[in-house]
Amino acid sequence: MTEPIAHTVAAFAHNLGLADLPADVVENLRARILDTLGVSVAALDLDTSRAALTYISANGSPQAHAIGLPGPVSAVDAAFANGVLAHSLDYDDTHLPSVLHPSATLVPTVLAAAERFGADDAKAMAAFAAGIETCIRLGMAGYDPASGDSVYFRHGQHATSICGTVGGAVAAAVLADLDPGGIAAAVGLAASMASGVIEANRAGGTVKRIHCGWAAQSAVRAAELSLAGFTGPPTVIEGRFGLLQAFLRDDSRPEAVIDGLGREWLTRDLFVKPYPANHFLHAVIDAADALRRAGLRPADAAEITVLAPGPVIRTIGEPIEVKRTPKTGYQAQFSGPYAVTVGLLGGGGLGAARADFTDARAQDPLRRDIMAKVTVVEDPECTRVFPHQFPAAVRVRTVDGRELVERVMYTRGGPQRRLSPDELHRKFRDNVVGRLDPEARDRVIAVVARLGEDDSTIPGLMRDVGRADVTPR
């Protein structure tokens, strides 16, 4: 590679127009915006969400809207708060096999920067496409095909916020109307802001909820700093002391960032979450639900085994005593035994809803009885296709001696099993019920469905979601 990666990405982003995007990519991007807005509104009742809004509400410079605040705030603050909301429920989309959550940073960045710089909708959509594609490709630069895992995660780093900061800076710089040199400078600046440590996944704490907010805030700030004249190193991505070397050492694949850029759209590989739980659990819920629909009752089960890819066992099955007895709804979102109970009892929404993951339900005696029967073990067939899919199976030995097995190899919401527009709208409506009035809800759906076709609808869109009710439901 003779041209610095940052320059290649900058030229791609600067030259990209809405007309250059395939129709299915445009529809995918619109769906990402609607889904992220709905998930963000649903997160308003979290203590951390109210803390984020309190944190930004005292600041000035009215430039953009934060979800849940009727008046504008600064663009960096709007990006921060909306990024916190977007990632807080573990309900945001996922790219495989990089295991990134790109929209939780990119959507808040694009919406805040579009308002901040007065960009029209078509430019916002093109910037979104360039930024999210850059984010995913940086994640793929840290994907190790040999081991099937992310080198970022192996090192304890949150790839979502690291790659999202740089991808977001690309989008924000385009919306700031910077030339290719200015976009490359924003990339160089953003790389020094990119961060995220995932010890909270193991030891607890709410810091992970601010990672995408921090990334979105940094992305907008990087564009503003580039606009003011600050610069970054041209080889900030692949250089000896660049981002890939700093985070991944010698285990990176820099060619993944630019190979096929502009021709192959990795955004097509995004998986939308139909359920508000860790993505490793979705196939478990589906398998147990299929057994329920076939007539299995919880009382019929003597032993239940979750068969899953080896790398996910530590997340959903260890220690098994803890996974069988989650104390909170949040812990239940990472429990294989609890996912079985949701499927066997039947969940709300698209098959599992936020109401299925409350503290009370996690401690419900009936659910505890079911969870006590569940073990979680590795399945070689599931391991073989992981992490391109998050498959699982549920095997049940019944009290009358039968063995039942249900296997789900393709994750619902992914390219092989996409959610329909009606299902996406159902998820959005479920997420905003009680927080957006029906007129505003329907207006948001209609505006997002046409993004790019009209001139400048984003400010009105954000005013609508800014008026979302923040009081607990």
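Start with helix α10 (199-203), which gives five residues, the largest share, to the lining of the largest pocket. Helices here are DSSP runs of H or I with at least four residues, strands are runs of E with at least two, and both are numbered from the N terminus. The model is predicted: local features need pLDDT of at least 70, side-chain atom pairs count only at pLDDT 80 or more, and totals for chains, interfaces and linings use all residues. Residues are numbered from 1 along each chain as its sequence is written, and side-chain values use heavy atoms, with hydrogens and water left out.

**The largest pocket**

Select Asn201, Arg202, Asn278, Thr315 and Phe334: of the 44 lining residues, these are the closest to the pocket centre. The pocket holds about 1400 Å³ of space. A pocket is an open set of points on a 1 Å grid over the protein atoms alone, where a 1.4 Å probe fits, with protein on both sides within 12 Å along at least five of seven lines; lining residues have an atom within 4 Å of a point. The volume is the space filled by probe spheres set on the points, which are joined across faces, edges and corners. Next, colour β3 (149-150), α7 (151-154), α15 (313-316), α16 (320-323) and α17 (329-332), which are among the elements that supply at least two lining residues each.

**Glutamate 423**

Move to helix α22 (residues 421-432) and pick glutamate 423. Its side chain makes a polar contact with that of arginine 412 at 3.0 Å (a pair of N or O atoms within 3.5 Å, one able to donate a hydrogen and the other to accept it; residues adjacent in sequence count only if both atoms are side-chain atoms). Glutamate 423 is partly exposed, at 23% relative accessible area (buried is under 20%, exposed over 50%, partly exposed in between, with a 1.4 Å probe and protein chains only).

**Salt bridges**

The whole structure has 31 salt bridges, each a side-chain nitrogen of Lys or Arg within 4 Å of a carboxyl oxygen of Asp or Glu. Select arginine 354 and aspartate 45, which meet in one of them at 3.4 Å, N to O. The two are 309 residues apart: arginine 354 lies in the loop between α18 (336-345) and α19 (359-362), aspartate 45 in the loop between α2 (23-42) and α3 (47-57).

Then go to helix α14 (residues 282-293), where aspartate 289 and arginine 293 are separated by about one helical turn because they are four residues apart. Their side chains form a salt bridge at 2.7 Å, N to O. Aspartate 289 is buried at 14%, whereas arginine 293 is exposed at 64%.
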